[in-house]
Amino acid sequence: MADTVPSIEALLQEGRTFPPPEEFTAQANVRDAGVYQKADADFEGFWAQWAEELHWFKRWDKTLQWDPPNAQWFTGGKINVSYNCLDRHLTGPRRNKAALVWEGEPGDWKVYTYAHLHREVCRFANGLKSLGVKKGDRVTIYMPMIPELPIAMLACARIGAPHSIVFGGFSPESLRDRINDCQANVLITADGGYRRGRVVPLKQNADEALEGTPTVRTSIVARRIGDDANVSMKEGRDVWWDDLVEGQSTHCDAEPMDSEDMLFILYTSGTTGKPKGVVHTTAGYLLGAYATTKWVFDLKEEDVYWCTADIGWVTGHSYIVYGPLANGATSVMYEGAPDYPDRDRFWAIVEKYAATIVYTAPTAIRACMRWGESYPAKHDLSSIRLLGTVGEPINPEAWMWYRENIGGGRCPVVDTWWQTETGMILITPLPGLTTLTPGSATRPFPGVQAEVVDEKGDPVAPGQGGYLILKRPWPAMLRTIYGDPERYVEQYWSRYPNVYFTGDGAKMDDKGFFWILGRVDDVINVAGHRISTMEVESALVDHRSVAEAASIGKSHEVKGQGVVAFVTLKEGVETSDAMERELKAHVARKIGAIARPDDIYFAADLPKTRSGKIMRRLLRDIAEGRVLGDTTTLADEGVVEMLKQQYEDDE
C-alpha cells in the first residue's frame, strides 16, 4: 500500500485527471464555472443569495459586520434551525418523504418521515421545557448513533438551548470536563449502545462523570439496550426518555433566534491539552451547512445520502443532520462499525437502501483496501452516483481504489477539507465542474478565499509547502472559544494580521489546486479525530509510575496517524510489556479508546532544549525513520541517539 501521507514531491507528480462525466454535468446543480468569479466579485452578495433560500421570521438588516477577528452574519435577522430542517418541508410533498433512515448495528432499522420526525422533536422539546430548560441553557448530549440523538439536537435548536455533543467513545473524565466547561444543566444519554457486538456502557460512564458536575440538574436516559444494560436510575436526577415525552404535545413553536445566537458548542483538541469549546451560531452555520450540502454533493430530491461519520464529531453535525435536513434530503445514519458482523457492512447498507451518495473517511477506505475487493464486490453498488471523503488528507491510491471499487469508475469523488472550527466544507471540488486529481481537495468553495503562505505570511510559489490560511470571513466560521475569547484570538488570529490560521500545512500546484499536508501543530489526526499531544501526555503523567512523557503522531496506513508515546518511568519502576499495556489502557480510560497509543517506548530521558522544552520534532523524525533534523539546541545530544538506537532495535 502507498504511504499514508505522500511527500510533496510525490504529490506534484500525480498526473491522473478525471473530468466530470458529461451526463453528470448535464444534470449538475452547478454547471457554470463563472460562479467562482461572481462569488469573488461580491462575496457578501453571494452568501446573501443563499440566505434567501432559508426561512426567516425576520429578514436580516446587514449581511456581514466584520471587525477582525469578530464576524457577525445576517445581523438583525430572526431564524430557527429546527424550523428550517423540519417545518418548512411539511406543506408540500416532502411531508411524507423519508428524512432519517436509521440502521442499528444488530440489524434493526427505522425510517422517520419529515412529519414523523417533526412530531418527535416537538414532543421532546416540550419535555425539555417541562424540566425548566429555557433559551440559552446548555444541554450536553452523550449518546450512541440512535435516532434520539438528532431528535435531541433539533429539539434543543427548536427552543434555543445550545447543545454540546460529546462523542460516545469518550471517557467519563472527558465527559465531565466538557460538562463543567460549558456548565450544562441537563445531560441526555442512553442506557448503552452497540459496538462490534458489545454493549458500550454509556449510562455507567455518565453516572461516573456526573459525580463531579454540580450544574447538572437532570439526566435523561434513552432506552437502547433494555434490561441487559443493567443500569441504575438516581432518584430526583434521572428520567427515562419515554417517560419524559409521554403525553407531551406534538406541537411546539420554534423560538425565533437572533442570527448570532449560539446554536451549539463542540469540543475539539487544542495544543494546550485543554479541549476547546468551539462556538457556532445560528444563521451563518445553518447557511454554510445548507449551501455546501446542496452544491458539493450535488443533492437531488430523489437522493439517498449517507455520511458514515458519528454525530459526535462536526461532520455528523453538518452532514448527517443540519445540512441534509435543511435541504429536505433523505439522510442515512448507522450505529455500528464498518466491519461488524463482517467487513462488507458498509456496502450491505448501500445496497439495502440504494444509497446514491456516500461520504466517508480515508481511514475507512484504507481499511477496506486492506480487506480486499471481494467485500464490495458482493454487493450491488450501482445506485451510487457520487463519492466523498472527509477528515484527513487522502493518498492518491486510496482515492483511486475508492473510485474504482466503490464508484465503479463512473462516479466523481469530492475530497473535502474543513474543520470543526470552520463549520462547513471550505475546499472541495464542485462535481459538475471540477476536473479531479487523486489526492487533491482542488479549489476553495465559491466565496471562500484561501492561500498558502510562508512563515512571514507571504504567498509561496506553486509546489512549495506552507501554511494554509483563510483571508476572508465565511458564514459558518466559529465565533469564539466558549468562555475563553483570548484563546480564540491567540489560537486562530495572532499568527498573521486579520487572517485565519488553520493549523494545517498545504501546497498549491500550478493549476491552483490545494493539497492538504496535515497538521503543523501538536495535534494528532487519528482516523479523522483530533487528539492533542498534550492530552495524551497529561493522561500518561497522571499514572502513578510515570515521571515524564512525550507523544507524537506517526504515519499509519489505515488511520492516517497513530499515537506513539515516549515515557520516562519513576525511579524504581521496571519497564515491562505489562507496564506498556497498563499505560495504554490508562490513556484509553482517561481520554477514550481513540487516544490509546499504538506504541509506547520507555526512555531514561527525553530530548530537550537547554530551556527544558521537549523536541517532539526529533521524536517524529525517529518514529518515521527520517534523518534527524538539527540537534544543536539539545541540552544532551546523546539522548536522541540512544532513543534512535532503541527505537530501531524494537522495530
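Reader: Where does Pro69 lie?

Author: In this predicted model, a hairpin joins strand 1 to strand 2 through 2 residues. The peptide bond from Pro68 to Pro69 is cis, with omega near 5 degrees. Pro69 itself is placed in the loop between strand 1 and strand 2.

Reader: How many bridges join strand 1 to strand 2?

Author: Strand 1 covers residues 62-67 and strand 2 covers residues 70-75, and the two run antiparallel. Lys62 has Thr75 in strand 2 as its bridge partner. The number of bridges joining strand 1 to strand 2 is 5.

Reader: What is omega for the cis peptide bond that joins Tyr340 and Pro341?

Author: Pro341 sits in the loop between strand 17 (330-334) and helix 13 (345-353). Most residues other than glycine have a negative phi, and most peptide bonds are trans. The bond joining Tyr340 and Pro341 is cis, and its omega is about 0 degrees.

Reader: Is Asn230 buried or exposed?

Author: Asn230 lies in the loop between strand 11 (218-222) and strand 12 (238-240). Its phi is near 50 degrees, a positive value in a residue other than glycine. The relative accessibility of Asn230 is 66%, and exposed means over 50%. Asn230 therefore counts as exposed.

Reader: Is Thr442 buried or exposed?

Author: Thr442 is not a glycine, yet its phi is positive, at about 70 degrees. The residue is found in the loop between strand 20 (413-415) and strand 21. Buried means under 20% relative accessible area. Thr442 has 0% relative accessibility, so it counts as buried.

Reader: Which residue in strand 25 is the bridge partner of Asp504?

Author: Strand 24 (residues 500-508) and strand 25 run antiparallel and are joined by 5 bridges. In strand 25, Asp504 has as its bridge partner Arg519.

Reader: Is helix 14 roughly parallel or roughly perpendicular to helix 16?

Author: Two packed helices are described by the angle between their axes and the distance between the axes. The axes of helix 14 (residues 362-371) and helix 16 (residues 396-406) come within 10 Å and cross at roughly 75 degrees. Angles of 65 to 115 degrees count as roughly perpendicular. Helix 14 is therefore, relative to helix 16, roughly perpendicular.

Reader: How many nonpolar, polar and charged residues make up the contact of helix 14 with helix 16?

Author: On the helix 14 side, the residues are Ile365, Arg366, Cys368 and Met369. They meet Glu397, Ala398, Trp401 and Tyr402 in helix 16. The contact divides into 6 nonpolar, no polar and 2 charged.

Reader: Which residues is Phe124 in contact with, leaving aside its neighbours within four places in sequence?

Author: The largest nonpolar core has 122 residues. Phe124 is among those with the most contacts inside it, as are Trp47, Leu117, Ile188, Trp241, Phe297 and Tyr322. With its neighbours within four places left aside, Phe124 is in contact with Ile151, Ala152, Ala155, Ile188, Ile220, Trp241, Leu244 and Val245.

Reader: How many residues does the second, separate core have?

Author: Val526, Leu540, Val546 and Ile594 are included in this second core, which is separate. Its number of residues is 39.

Terms used
Residues numbered from 1 in each chain as written. Predicted model: local features only at pLDDT ≥ 70, side-chain atom pairs only at ≥ 80, totals over all residues. Heavy atoms only, no water. Core = buried A, V, L, I, M, F, W, Y, C linked by side-chain atoms within 4.5 Å. Buried < 20%, exposed > 50% of the residue type's maximum accessible area, 1.4 Å probe, protein only. Contact = heavy atoms within 4.5 Å. Axes fitted to C-alpha atoms, helices over the stretch in contact; angles between N-to-C directions. Helix = DSSP H or I, 4+ residues; strand = E, 2+ residues; numbered from the N terminus. Parallel < 35°, antiparallel > 145°, perpendicular 65-115°, else oblique. Nonpolar A, V, L, I, M, F, W, Y, C, P; charged D, E, K, R; others polar. Pairing = 2+ DSSP bridges.
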